[in-house]
Amino acid sequence: MTHVLPASHRALLDALKHRGRATVPALAGDLSLHVETIREHLRSLEVRELVRRDGTVQDGPGRPEIVFVLTDAAEPLFPRREGEILRALGHHLVATGRQDVLRDFFDEYVGARRDAALARVSHLEGRERLEEVARIFDEMGFMPVLDDSADVPRLRLCHCPIRDLVEATDIPCRAEIGLMAVLLGEKPARVGYLPNGDDGCSYELADVP
């Protein structure tokens, strides 16, 4: 999920990221804001599930102070380089003739999920099966859309969650279409391809009514 944050909320998240764990008074000191302002910001960020409470700490006389930490949902808001590194790794394996490492990995990765996915569709036919396959690919991050505007149904994957790796090798694409074929009970024909500039990886499904 994309979070559009006010600058004050962003500054608070940055301060909490630097500290790791922090109380309201500590954050107020870091940002030169009143403690009530910090509490209000934290309440808003809790609602958005970007921060959470993590116990209390006694710091001087009076009541213990609540400690706040970032949630896992906040992590994508900070700089990440996995895509760049994944793309470089893919190029390296291809350049050194070790595509088999990627091929073996995707065989194992897809294989570990195939049985559970197949169990969800094996009792379904036709449109119901296609819709369940679309749900499975949605859970995998591909943002599928069923398109009935053509003569035969098309399943269009609008997003590639590993696009950086696909820039280096089509091995993940072959694993993708292989899984789709197993789940549909037919090998779909690819008629659109994101790396070629199309608006998605689109597959025609001739045997689905």
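The model is predicted, so local features need pLDDT of at least 70 and side-chain atom pairs count only at pLDDT 80 or more, while totals for chains, interfaces and linings use all residues. Residues are numbered from 1 along each chain as its sequence is written, and side-chain values use heavy atoms, with hydrogens and water left out.

**Helix α5**

- Helices (H or I, at least four residues) and strands (E, at least two) are DSSP runs, numbered from the N terminus.
- Helix α5 covers residues 99-121, and at 1.5 Å a residue its 23 residues should span 33 Å, which agrees with the 31 Å between its end C-alpha atoms; the expected span is 1.5 Å times one less than the number of residues.
- A kink of about 40° in α5 is centred on arginine 114, where the bend at a residue is the angle between axes fitted to the seven residues ending there and the seven starting there.
- Leu102, Phe106, Val110, Ala117 and Val121 of α5 are buried, a term that means under 20% relative accessible area, with exposed meaning over 50% and partly exposed lying in between (1.4 Å probe, protein chains only).
- The cover over these buried residues of α5 includes α4 (82-95), α6 (126-139), α7 (163-166) and α8.

**Leucine 179**

- Leucine 179 belongs to helix α8 (residues 171-184), and with a relative accessible area of 4% leucine 179 is buried.
- Apart from neighbours within four places in sequence, leucine 179 is in contact with Val110, Arg114, Phe137 and Met140, where contact means heavy atoms within 4.5 Å.
- Leucine 179 and leucine 70 are separated by 109 residues in sequence and, C-alpha to C-alpha, by 36 Å in space.

**Pockets and the cavity**

- On a 1 Å grid over the protein atoms alone, a cavity is a set of points where a 1.4 Å probe fits but cannot get out, and a pocket is an open set with protein on both sides within 12 Å along at least five of seven lines; lining residues have an atom within 4 Å of a point.
- Grid points are joined across faces, edges and corners, and a volume is the space filled by probe spheres set on the points.
- The largest pocket holds about 320 Å³ of space, and its lining has 20 residues, of which Phe106, Tyr109, Met140, Phe142 and Ile162 lie nearest its centre.
- With 6 residues, α5 gives the most to the lining of the largest pocket.
- That lining of the largest pocket divides into 18 nonpolar, no polar and 2 charged residues, where Ala, Val, Leu, Ile, Met, Phe, Trp, Tyr, Cys and Pro count as nonpolar, Asp, Glu, Lys and Arg as charged, and the others, Gly among them, as polar.
- The second largest pocket holds about 240 Å³ of space, and the largest share of its lining, 4 residues, comes from α3.
- The lining of the second largest pocket divides into 5 nonpolar, 1 polar and 6 charged residues.
- The whole structure has 1 cavity of 30 Å³ or more, and residues that line the largest cavity include Cys160, Cys173 and Glu176.

**Two loop residues**

- Glutamate 49, in the loop between α3 and β2, has a positive phi of about 60° although it is not a glycine, and at 57% relative accessibility glutamate 49 counts as exposed.
- Methionine 143, in the loop between α6 and β4 (144-147), has a positive phi of about 50° although it is not a glycine.
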